[in-house]
Structure formats: C-alpha cells, structure tokens
Amino acid sequence: MAKKPIRVAVTGAAGNIGYALLFRIASGQMFGADQPVILQLLEIPVEGPQKALKGVAMEIDDCAFPLVQGMTLHGDANEAFGDANWCLLVGSKPRGPGMERADLLKDNGKIFVAQGQAIDRHAAADARVAVVGNPCNTNCMIAASQAKRLSPDRFTAMVRLDENRGRAQLAQKAGVLVTEVSDLFIYGNHSPTMFADYTHAKIGGKDAATVIGDKAWLENEYLPAVGKRGAAIIEARGASSAASAAGALVDHVRDLVTPGAIHSVAIPSGGRYGFADGVWAGMPVKSTANGYEVITSYEMDDFAKSKIKITNDELLSERDTVKEMLG
Ligand code: NAD
Ligand code: LMR
C-alpha cells in the first residue's frame, strides 16, 4: 500500500542551500524512494526572494517528481510549518570572509525565536526539526526553548558536514576510499572549536591514528583543517558551502529516519561527555524507530577532554550572548 505523504517545511528555500536541497528531497534521497512528500517552502515576504521561490517551484514542477504530492509557497512561518512532520531550518544569513559563525548570532538568533514559536503553534505532534542556519547549535537551542509543546530531543542541529569533511580528509591522507573510514564523530559546536574525534576513528577497521602514524599532523593540521573548512570554502568560492551542506542535510535527516544508523548530530547534551546540560552539542547517536539513543560508551583521554572543554566553553558563551532570546 502506498505510504501517506509526509509534510516537509523548508526555510530559506530560494537560497543557495535551498536550491541544492529541494530537488534531492523531491527525488527521494532524504526520506526514501517510496516516501511521498508535500513540500512547504518558506521565504522572507519580500518581492525578490518570493519571486525567486516561484521560479524554484516551477523547476520542481518541471521535474515531474513522482514523490511530490503537493507543494505550497509561503511568506509566513505560521503557514509554512502547518502540520509539518519535518522542519528544515536553513533560512538565515550566511557569513562572509573574515567572520566567525558566532558573529551571525545577533541577526540570525531572532529568526529562530519566531520560528520556534511558529513550529510550536502549528507543526505536527510528531514534528522533528533540523537546524542548518548558523550558528546552528545555538540557533537550535533558541528554537527548542521557544517550542514548549515539543520535546527538546526533537530539535537537532547539523554537524554532519563536519563529519563528512573529517572522513574525507582522513581518507585522503591514508590514500584509501572514504568508505574505509568509520567511527569518526564530531563533538561540540559547528565552529573551529569542534572536536573531530580521530582518537576512536577507524580506517579499514584499524585504529586511525595508528594507520596515519603522524600524531603531529592529526593534532596540528587535521583538526584545524576540519574545523576551518567552512572558511576555506568561503575564501575559495566567495560564498559559503551550499551543495555539500545540502548533501550533509540529506545525510543527517536520512540517517535520523533510518533505525540503526550511527552518526554525529548536535543534540541537547544532557551533561554527556562533559558538556554543560542545556547546550546543543555534537556527539554520536544511534537512530531508533522514532528518535535516537545517544552513544555514551566512548572513553575520552585527557587530550580529547581538553578539546571538549574548549568547544563546551564556546557553546556556553554563545548561550550567554542569546540569553534574552531563550524562552
Ligand atoms: P543564502 O543567503 O543563499 O540563502 C538564505 C535564504 O534564507 C535567503 O534566500 C533568505 O531570503 C532566506 N531567509 C532569511 N531569513 C529568513 C527567514 N526568517 N525565513 C525564511 N527564509 C529566510 O544562504 P545559504 O548559503 O543557503 O545558507 C543558509 C544558512 O546556512 C547560513 O546561515 C549559513 O551560514 C548556513 N550553513 C550552515 C551549514 C552547516 O553545516 N550547519 C553549512 C552551510 C551553510
Ligand atoms: C560551513 O561549514 O561550510 C558553513 O557553516 C558555512 C560557514 O560559514 O562556514
């Protein structure tokens, strides 16, 4: 029997990531090749973005995707999130050269106050949220704090792009296919302080650090390169990552709806791995039929603990910056 369509709200739908994302959702790469979707697309209520959104919708129509069973365009978040099962919060300002993602907090944070409230009022009872707009961990915390009806663990922020970057860079250094790299998880903030935990990663099933055999490279080149990859893309492209960000969001959501998948997600820390309770921190999870279990079995050495402390301190400082925005 055909599956009932799920409602997927996407914000910033006419932006760069939106353009790389929507066609992949519509083709079944996010929710499965047999899962119909209804797309509910939100842009700011301004002529230019609304016109661009119409153009994107025309292109989606022109693809004649069999899985798209409906599509609505919105300038009002209260309408866009109506009965949504998934809310993909992409819409917000990207940073430019020389900025850190936290510099976006004052502008972007307020978007997530309003959208958290709109999700609370209008989304489906089983709604789940994935935040991409930067700084995504803290924006996710803001949105969750405004949505009292939904449990905080329904709100996730994306560190999957960092996991993918970290796997690709380890594979390149070892001269193996990316599929050989496993158990690489991202802890903490989506920022240069993140800890890409190579100490538990594996290459071809063996301890990654032993296979690489270059501790100085891992500590002094690999970690900063993964942490600053977003800035390197901005420097090279003149615009922030879009296709790889959309690809990571497809991975993030697909793995969250795939029971048994193990992957990095920023979630309410619950005090795990030394993070402060109440911040959204990246860590490994195993997806279940309707949510996830946090994997808490990794023992961190003193080096890993010192890295986690730095990224936790940054998350606390971001939380302090936005304390007026928390519901
Ligand atoms: P973009 O400027 O190309 O597009 C953003 C779109 O969002 C614009 O069309 C804008 O009109 C729209 N928008 C702004 N405020 C909105 C609101 N309140 N409601 C609905 N739409 C709104 O930017 P982009 O390249 O698509 O990036 C979007 C965000 O994603 C940025 O904050 C960027 O830093 C972030 N990002 C995060 C990751 C990650 O790994 N977490 C990766 C890449 C980019
Ligand atoms: C990224 O990691 O590519 C994004 O967060 C965009 C940015 O500002 O770096």
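Which polar side-chain atom lies 2.7 Å from an oxygen atom of ligand 2? One of Ser241 does, and a few notes around that contact follow.

1. Ground rules first. This is a predicted model, where local features need pLDDT of at least 70, side-chain atom pairs count only at pLDDT 80 or more, and totals for chains, interfaces and linings use all residues. Residues are numbered from 1 along each chain as its sequence is written, chains are lettered from A and ligands numbered from 1 in the order in which they are written, and side-chain values use heavy atoms, with hydrogens and water left out.

2. Ligand 2 and its contacts. On its own, ligand 2 has 260 Å² of accessible area, and the protein covers 95% of that (Shrake-Rupley method, 1.4 Å probe; for residues, only the protein chains shown count as cover).

3. Who else surrounds ligand 2. Among the residues around ligand 2 are Arg95, Arg101, His190 and Ser240; a residue is near a molecule or strand if one of its heavy atoms lies within 4 Å of it.

4. Ligand 1. Here 26 residues surround the ligand, and the closest are Asn16, Glu43, Ser92, Lys93 and Asn134. The backbone does some of the work of contact: an N or O atom of Asn16 lies 2.9 Å from an oxygen atom of ligand 1, a polar backbone atom of Ile17 is 3.0 Å from an oxygen atom, and a backbone N or O atom of Val132 lies 3.2 Å from a nitrogen atom. Taken alone, ligand 1 exposes 870 Å², of which the protein buries 87%.

5. The largest pocket. It holds about 880 Å³ of space. Its lining has 39 residues, with Val90, Gly91, Ser92, Lys93 and Pro94 closest to the centre. A pocket is an open set of points on a 1 Å grid over the protein atoms alone, where a 1.4 Å probe fits, with protein on both sides within 12 Å along at least five of seven lines; lining residues have an atom within 4 Å of a point. Volume is the space filled by probe spheres set on the points, which are joined across faces, edges and corners.

6. Make-up of that lining. The residues divide into 17 nonpolar, 16 polar and six charged. At least three come from each of domain 1 (6–157) and domain 2 (160–322), with bounds from an automatic or database domain assignment.

7. The second largest pocket. About 450 Å³ of space lies there, and of its 21 lining residues Ile6, Gln35, Asn85, Trp86 and Asp126 are the closest to the centre.

8. Backbone check. The peptide bond from Asn134 to Pro135 is cis, with omega near -5°. Ala64, a residue other than glycine, has a positive phi near 50°.

Notes
Ala, Val, Leu, Ile, Met, Phe, Trp, Tyr, Cys and Pro count as nonpolar, Asp, Glu, Lys and Arg as charged, and the others, Gly among them, as polar. A polar contact is a pair of N or O atoms within 3.5 Å; within protein, one must be able to donate a hydrogen and the other to accept it, and residues adjacent in sequence count only if both atoms are side-chain atoms.
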